[in-house]
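Here are my notes on the salt bridges. Please read them beside the model.

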Amino acid sequence: MNDPAQNMFHAAPFIREIGRGKKGARDLSRDDARALYTAMLEGRVSELEMGAVLIGMRIKGESVNEIGGFLDAAETSFEALQVPESASEFAPVVIPSYNGSRQMPNLTPLLACLLAREGVPVLIHGVRHDPGRVTTAEILAEMDIAAVADAKSLSGAFGQHYPAFIPIKILAPRLHYLLELRRVLGLRNSTHTLVKIIQPFLQPALRLVSYTHPEYLTLLTEYFSTVAPAARGDVFLMRGTEGETVANAKRAQAVIWFHDNKPTVLIEKQHPVDEFPPLPAASDATTTARWISQALDGKQAVPEPIAEQVRQCVQVARQLRSRS
């Protein structure tokens, strides 16, 4: 019989590098980061070492090469998706949704539905529930848009001009496991960043990526400018609206477009306005879903920052598809 211990990955040499605190730690190479994260995804790192790695990275912060190596491993840990070549004149748009909202209404479903109505294949991936927050999945359920049961069901949603929501547990179960370790450790880990930047399609796609803390603007700008494979498609990077990648309905955030690793400011940051647009009266899932349905029917005005985000997504998704 094979000894299971022989297949275990010994992470101590890596912990020695990353676990010396914010000032004393050293960054891993891209290859070492890929090897370590692959072993973590495959369950070949002991629980003790896993905790040490996750906390060490949390304190140190990820480097660009570490993000690159981790993402290399993450994207090979699940089966890539594909939109039939004849299905659309647009490249798919990928919307990660892992935050939901606490205060403002979560209008990610509005963005997704507006894009899908234009014929864009829209994939939302994320979590179904998050205590204390209103998730995109919960709002979509109130709109009778159910999560897909598996990757094979995506084409049906795309063909009906509806956004497809797939839980990360179904899309990438190994990543889901590492996300769930937050409930054990009480801290987010690098996986929470990775799921927001994965590109799950075989063909080029437009990813909508958000950041919350300023240091991640610097990190992700460098990553998408220097390390990210340009052939995987384009990226819109913006400050999150309570962590979500939908434009803030009250005032537009700056959006940086990465094409062939070249950053361009696509939308300028809007100054504070005196009057806010009409928004849902409350942020719960039922009220938000009802308001979004009214906006889709033309009974409520779509906030201009979101309308502009839709226009830019449609244009770039069409360009991406024509070049592929």
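1. E17 is partly exposed, because its relative accessibility is 23%. Buried means under 20% relative accessible area, exposed over 50%, and partly exposed in between (1.4 Å probe, protein chains only). R26 is also partly exposed, at 46%. R26 and E17 form a salt bridge, with their closest N and O atoms 2.8 Å apart. The term means a side-chain nitrogen of Lys or Arg within 4 Å of a carboxyl oxygen of Asp or Glu.

2. A word on the basis. This is a predicted model: local features need pLDDT of at least 70, side-chain atom pairs count only at pLDDT 80 or more, and totals for chains, interfaces and linings use all residues. Residues are numbered from 1 along each chain as its sequence is written, and side-chain values use heavy atoms, with hydrogens and water left out.

3. D72 pairs with R30 in a salt bridge, 2.9 Å from N to O. The two sit in distant parts of the chain, 42 residues apart: D72 in helix α5 (residues 64-75), R30 in helix α3 (residues 30-41). Helices here are DSSP runs (H or I, at least four residues), numbered from the N terminus. D72 is partly exposed at 22% relative accessibility. R30 is partly exposed too, with a relative accessible area of 22%.

4. D72 also forms a salt bridge with R34, the closest N and O atoms lying 2.9 Å apart. R34 is in helix α3 and D72 in helix α5, so this pair ties together parts 38 residues apart in sequence. R34 is partly exposed, at 29%. Through shared partners, salt bridges join R30, D31, R34 and D72 into one network.

5. For the overall count, a search of the whole structure finds 13 salt bridges.
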